[in-house]
Amino acid sequence: PDDPITIDMARFILIKRRDWIGVILIYLMRINGEVRLEFRNPKNNSRVLPLVEPEIDVWVENHAAFAARYVMTSVMCCRLDGIDTGCVGLNSTQIKLEKLELGWHELACGLFENDTPLCSETVSKFQVVAQAIETEDGKRIAELYVQEAERIRPLMQWWRGESTFFPGGLEQFFVAARGPSPPSHHHQQQRYDSDHKIDNKNKSWPWLGRKDMIRLVIGVKCAAQNIAARDAMRKTWLSEAIYGTIAVYFIIGLAKSELQPFLEREQALFHDLLLPSTSTLFENVEDTYVNLVSKTKSFLTFALNEFPTASHFMLTDDDILIDTLRLLEALPTLPITKFYAGQVWAHHFNSPRLPQRDPKHRNYLPPEVYPMSQLPPFAIGPHYILSADCAEFIAKNRNQLASVGTLEDVSVAMWLFAIGVHPQHSDQFMNARLFGCVEHAVSLADLTPIGIIEMHAARTTIKNENSTFFNTHSTMTTSSAAVCDKYDQLKWVKTPRFSLLKEDAVVSLDPDGGQSRAPIAPLTTTTLNIK
């Protein structure tokens, strides 16, 4: 919306068809007036793919009162092309729709409590098309995909051994990593210069030589092929870790054999990958999504052994932008025992999360594995922090602690519940997929590599121009607006509004208006997380 309205809550309703799964994101916002619905996607008179992910905004006058009164008792009922699709609760996980064919469709939805409508019905008429480039967003994403592939081409050539030169030169990279000291941290930079110089013969991150000074160890859960994401993080927030007492590692594990030479080349340069060659803890931890629980256990065990003086440990995904300097400033104020904090949806959305019962979903939890109807409150996987005692409990009992399916974040919550530790919600942990450009966040998830780079560059410019960037609320608001002036959702945020039917659905555009003669690289790349 054009008005500066704060997003207060969100609901997730899984849309399920015979051949696709989409998501309705229901945003509850504080405005004057009664409850009303509005389609965010598909917009009225728009073109979409059959795999479109519908999104509906729910506008309410008082989000807390609405959530307390209606979330558990109200239902959303929809009609597709005049045929009822049924009703589900706002806290449910499924709405079933018939298979969508190419052509025009009409989707109408409304909110009800005991057959009484809570608002007027909202309707969207949209056209389903076969190829992404027939849609406005799809054409743009195709262009962005080609641009990103060209941007990272030198990096990929180096990584695959097709070039012996690291893009931009190794010396230039570490000079960039050092960077100018932020205005309020000159004393830290001077201390770094005297105690933490990068060895020019064996270039690596400074925490590798002064492990006794580390207070926070960050483990980035990263797939082996995500070199573009690692490169973006190294050139942005990770390079700022040299100003303080933070160590950062990428948790890879045992990758496919064809990727291992590339990873060893990368490891020889940066020494920040957790591989079987790094520690025997990762010898049997295959680099797959279903092994996130094992990756987490192995990382905490490794980090505790390598950095025994660390007071806190943080787990993140590889689509994160961290405000490292603010995190450093906050670290001394955090509790050093029984501390577990992050983005807790059960708190943020004021309602419990439900287990996924769809066998085709990657987070499927069969009743025999998890019989309860609700998940415990948990800090979501993209970013959360643990105190050392919590990390030690997990590491010491890693062979006895069972996982909750493949859900690493829920598993951590269940384990810590056993010792009386509950997750604390922090609004400094946010995700762009729901909330867009949130400059005040210490950690912002769901960003593409170019999104990480460009948002960090904008934020750094503002900080250098105004050393009081985060000192006052008024300054932060002004600067945040400036940083987000260039926000580009399709370019910066990892997941587009639709998925692709097949690998050739996205194509680059020929200058003459036709399709590119050269095929695009396989869309299994995580550059833009196009599926």
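**Labels and the values behind them**

User: Why is F282 called buried?

Analyst: F282 has a relative accessible area of 0%, and buried means under 20%, with exposed over 50% and partly exposed in between (1.4 Å probe, protein chains only), so F282 is buried. Before we go on, a word on the source: this is a predicted model, in which local features need pLDDT of at least 70 and side-chain atom pairs count only at pLDDT 80 or more, while totals for chains, interfaces and linings use all residues. Residues are numbered from 1 along each chain as its sequence is written, and side-chain values use heavy atoms, with hydrogens and water left out.

User: Thanks! And what makes F302 count as buried?

Analyst: F302 has 6% relative accessibility, so it falls in the buried class.

User: How many aromatic pairs are there, and what makes F166 and F270 an edge-to-face one?

Analyst: Searching the whole structure gives eight aromatic pairs. Rings of Phe, Tyr and Trp (its six-membered ring) pair if their centres lie within 6.5 Å; planes under 30 degrees apart count as stacked, over 60 as edge-to-face and the rest as tilted. The centres of F166 and F270 are 5.6 Å apart and their planes stand at 70°, so this pair is edge-to-face. It links distant parts of the chain, 104 residues apart: F166 is in the loop between α3 (153-159) and α4 (170-178), and F270 is in helix α7 (residues 260-270). Helices (H or I, at least four residues) and strands (E, at least two) are DSSP runs, numbered from the N terminus. Both F166 and F270 are buried.

User: Why are F282 and F302 called edge-to-face?

Analyst: Their ring centres are 6.3 Å apart and their planes are at 65°, so the edge-to-face label applies. F282 is in the loop between β14 (273-274) and α8 (292-306) while F302 is in helix α8, so the pair ties together parts 20 residues apart in sequence. Y249, F282, F302 and F307 form one aromatic cluster.

User: How do you know that R234 has its charge over a ring, and which ring is it?

Analyst: A charge sits over a ring if NZ of Lys or CZ of Arg is within 6 Å of the ring centre and within 35 degrees of the ring normal. The charged end of R234 is 4.0 Å from the centre of the F270 ring and sits over that ring. K211 lies over the face of F307, 5.8 Å from the ring centre.

User: What makes C77 and C87 a disulfide?

Analyst: A disulfide is a pair of cysteine sulfur atoms within 2.5 Å, and the S to S distance for C77 and C87 is 1.8 Å. The torsion about their S-S bond is about 115°, so this disulfide is right-handed. C77 is in strand β6 (residues 75-80) and C87 in strand β7 (residues 83-89), ten residues apart. With 16% relative accessibility, C77 counts as buried, whereas C87, at 45%, is partly exposed.

User: How many disulfides does the structure hold, and why is the one between C437 and C484 left-handed?

Analyst: There are three disulfides. The sulfur atoms of C437 and C484 are 2.0 Å apart, and the torsion about their S-S bond is about -75°, so this disulfide is left-handed. C78 and C109 are also joined, with S to S 2.2 Å; their torsion is about 110°, so that disulfide is right-handed. With the bonded cysteines of the protein numbered in sequence order, the pairing is 1-3, 2-4, 5-6.

User: How do you know that the span of α2 is close to the expected one?

Analyst: The expected span of a helix is 1.5 Å times one less than its number of residues. Helix α2 (residues 136-151) has 16 residues and reaches 23 Å from its first C-alpha to its last, close to the expected 22 Å. Its buried residues are G138, I141, A142, L144, Y145 and E148.

User: Last one: why is D389 called partly exposed?

Analyst: D389 has 27% relative accessibility, so it counts as partly exposed. D389 lies in helix α11 (residues 388-396). Contact means heavy atoms within 4.5 Å, and D389 touches I336, T337 and K338, not counting residues up to four places away in sequence.
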